[in-house]
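Subject: Structure for your attention

Dear colleague,

Please find below the structure that I am handing over to you.

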Amino acid sequence: MIDLDMVTVVKHPLVQHKLTLLRDENTGVKDFRQLAAEISTLMAYEAMRDLELENVTVKTPITTSEFPVLSGKKLALIAILRAGLIMADAIVQLIPAAKVGHIGLYRDPETLKPVEYYVKLPQDISERRVFVLDPMLATGGSAIDAIRTLQARGAQNIKLMSILAAPEGIRAVEEACPDVDIVVAAIDSHLNDHGYIVPGLGDAGDRIYGTK
């Protein structure tokens, strides 16, 4: 069973509409990129709902008063390569001060397990709120490996953002990383024998970059 207390499904009509277009096999590379970026931006509003605020004094053309600004820990966006790049590039437009890190993983076609080949993170990762970005949460192996890589470098406040998720992936992350909340646009039915999400949208990386 999935612990829904750890999972937020962003059911906003705009997200669901754009996700349907994203799933369509007839959606081309250009539109797929744009839709994935737009969904990521919309999801970020929900994923970052709990960011801390503090009041500062601001002089408007009319008067001086107090207004809220972001406070607390600074943010880090960690893209799981390669598909996570589209999410990071979109979300950093909302929060330009966020630092961006990269974790390179590929899935072994035989074992379906992730193989790490690249890690580049902000030096102060332990002092930041971290958002791990990967459009597809399938088996959960890549997400778990990325989260453990971050935790080994001191990151503590971690949230995982994926556009699509399979129940198997969510369960795996919940069991391996019980302190990590998950934000998705949809939870699909299951994984097929090749580890693809069903009904899904295919391979997100291939559709973003026009590769096979």
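This is a predicted model: local features need pLDDT of at least 70, side-chain atom pairs count only at pLDDT 80 or more; totals for chains, interfaces and linings use all residues.

Residues are numbered from 1 along each chain as its sequence is written, and side-chain values use heavy atoms, with hydrogens and water left out.

Pockets and cavity

Rolling a probe the size of a water molecule over the atoms shows where empty space is left. Here the search runs on a 1 Å grid over the protein atoms alone: a cavity is a set of points where a 1.4 Å probe fits but cannot get out, a pocket is an open set with protein on both sides within 12 Å along at least five of seven lines, and lining residues have an atom within 4 Å of a point. Grid points are joined across faces, edges and corners, and a volume is the space filled by probe spheres set on the points.

The largest pocket holds about 610 Å³ of space. It is lined by 29 residues, of which L105, R107, D134, S142 and D203 are the closest to its centre. Two or more lining residues come from each of β4 (74-81), β5 (99-107), β6 (114-120), β8 (136-137), α4 (141-152) and α6; helices (H or I, at least four residues) and strands (E, at least two) are DSSP runs, numbered from the N terminus. By class, this lining has 15 nonpolar, 8 polar and 6 charged residues. In this scheme Ala, Val, Leu, Ile, Met, Phe, Trp, Tyr, Cys and Pro count as nonpolar, Asp, Glu, Lys and Arg as charged, and the others, Gly among them, as polar.

The second largest pocket has a volume of about 200 Å³. Its lining includes L51, E52, S71 and R128, and divides into 7 nonpolar, 1 polar and 4 charged residues.

There is 1 cavity of 30 Å³ or more in the structure, and the volume of the largest cavity is about 30 Å³. Its lining consists of L22, F32, A36, P135, M136, I163, L201, A204 and I208. Of these residues, 9 are nonpolar, with no polar and no charged ones. Both α2 and α6 supply at least two residues of this lining.

The annotated site

An unreviewed UniProt entry places the feature "binding site" at I197, G202, D203 and A204. Among these residues, A204 belongs to the lining of the largest cavity. UniProt positions are given in the numbering used here, feature names are shortened, and annotations may be inferred rather than shown by experiment.

G202 sits in the loop between β12 (197-198) and α6 (204-209), and D203 is in the loop between β12 and α6. The cut-offs are under 20% relative accessible area for buried, over 50% for exposed, and in between for partly exposed (1.4 Å probe, protein chains only).

Leaving aside neighbours within four places in sequence, G202 is in contact (heavy atoms within 4.5 Å) with M136 and Y196.

Helix α3

In helix α3 (residues 84-91), 6 of the 8 residues are buried. They are G84, I86, M87, A88, A90 and I91. These buried residues pack against α2 (29-47), β4, β5, β7 (128-133), β9 and α6.

S71 lies in the loop between β3 (64-70) and β4. It is buried because its relative accessible area is 18%.

D124, in the loop between β6 and β7, counts as buried at 18% relative accessibility. The side chains of D124 and R128 are joined by a polar contact of 3.0 Å.

A155 is found in the loop between α4 and β9 (158-165) and counts as buried at 4% relative accessibility. Beyond its neighbours within four places in sequence, A155 is in contact with I125, S126, V130 and L150.

Yours sincerely

Key. A polar contact is a pair of N or O atoms within 3.5 Å; within protein, one must be able to donate a hydrogen and the other to accept it, and residues adjacent in sequence count only if both atoms are side-chain atoms.
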